[in-house]
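Subject: Model handover and notes

Hello,

Here is the model for your files. My notes follow directly below it.

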Amino acid sequence: MAEVDTAVASPGAMLRRAREARKLSPEEVTRRMNWLPCYVGIIERDDYAALRRPTFARGYVRAYGKLLEVPEGPLMAAFDEVAGELAGPGPVRRVAPARSARHTQLLQIAVGIVLLAMLVAGLWWWRGSATQSVVALDWVNTVKV
């Protein structure tokens, strides 16, 4: 692990010192991280609002620290102090999707089957009552007064 002075208040300064201790140029870090060329400078200046997605600044700092083997705890604590509102609520929690496409498809099939069954039952009842009406009419016609 790289020796970094974690007493430095700024996460950008911590990362810059760690990068310099490992004798890496900003261009080399950019290449390894597959970032836009300006990101290393922005992070080392603690100018997180200048990032394309400032809400992801925490992840950028964490990834940069991991590359340079900077202890995550002190680095992220310094980031939370400097970034303020950009730091967000903390760790991301996984949220399960409400319904999968498969579940929705099965629900649609079940509703279709129920509607079809109701239609068949209605037709069966209607046909039966129509037959009874014809029989009743025949009976009335056959009775002579």
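R62 and E72 form a salt bridge, with their closest N and O atoms 3.0 Å apart. A salt bridge here is a side-chain nitrogen of Lys or Arg within 4 Å of a carboxyl oxygen of Asp or Glu. This pair links distant parts of the chain: R62 sits in helix α4, E72 in helix α5, ten residues apart. R62 is partly exposed, at 31% relative accessible area. E72 is partly exposed too, at 41%. For the wording: buried means under 20% relative accessible area, exposed over 50%, and partly exposed in between (1.4 Å probe, protein chains only).

Before you read on, note that this is a predicted model, in which local features need pLDDT of at least 70 and side-chain atom pairs count only at pLDDT 80 or more, while totals for chains, interfaces and linings use all residues. Residues are numbered from 1 along each chain as its sequence is written, and side-chain values use heavy atoms, with hydrogens and water left out.

Overall fold

The protein chain has six helices and zero strands. From the N terminus on, the order is α-α-α-α-α-α. Helices (H or I, at least four residues) and strands (E, at least two) are DSSP runs, numbered from the N terminus. Of the 145 residues in the protein chain, 27% are buried. Take contacts between residues at least 6 apart in sequence: 56% of them join residues at least 24 apart. Contact means heavy atoms within 4.5 Å.

Three residues, E28, R31 and R32, are linked in a network of them. E28 meets R31 at 2.6 Å, N to O. These two are three residues apart in helix α2, and therefore separated by about one helical turn. R32 bonds to E28 as well, in a salt bridge with the closest N and O atoms 2.9 Å apart. R32 and E28 both lie in helix α2, four residues apart, again about one turn of the helix. R32 is partly exposed at 43%. R31 is exposed, at 57%.

The core

The largest nonpolar core has 24 residues. Such a core is a set of buried Ala, Val, Leu, Ile, Met, Phe, Trp, Tyr and Cys residues joined through side-chain atoms within 4.5 Å. The residues with the most contacts inside the core are L15, W35, I43, Y48, V61 and Y64. The elements giving two or more residues to this core are α1 (11-21), α2 (26-33), α3 (39-44), α4 (57-68) and α5 (72-83). In soluble globular proteins, nonpolar side chains tend to be buried together.

Look at W35. Leaving aside its neighbours within four places in sequence, W35 touches T30, V40, I43, Y60 and Y64. T30 lies in helix α2. T30 counts as buried because its relative accessibility is 11%.

Helix packing

α1 and α5 pack at an angle of about 140°, with their axes 8 Å apart. Axes are lines fitted to C-alpha atoms, for helices over the stretch in contact, and angles run from 0 to 180 degrees between N-to-C directions. The two helices are therefore oblique to each other. Angles under 35 degrees count as roughly parallel, over 145 as roughly antiparallel, 65 to 115 as roughly perpendicular, and the rest as oblique. On the α1 side, P11, M14 and L15 meet P74, L75, A78, F79 and V82 of α5. The residues of this contact divide into eight nonpolar, no polar and no charged.

Loops

N34 has a positive phi of about 60° although it is not a glycine. N34 is in the loop between α2 and α3. N34 is exposed, with a relative accessible area of 71%. D46 also has a positive phi of about 60° and is not a glycine. D46 is found in the loop between α3 and α4.

C38 lies in the loop between α2 and α3. At 43% relative accessibility, C38 counts as partly exposed.

Best wishes

Methods. Nonpolar A, V, L, I, M, F, W, Y, C, P; charged D, E, K, R; others polar.
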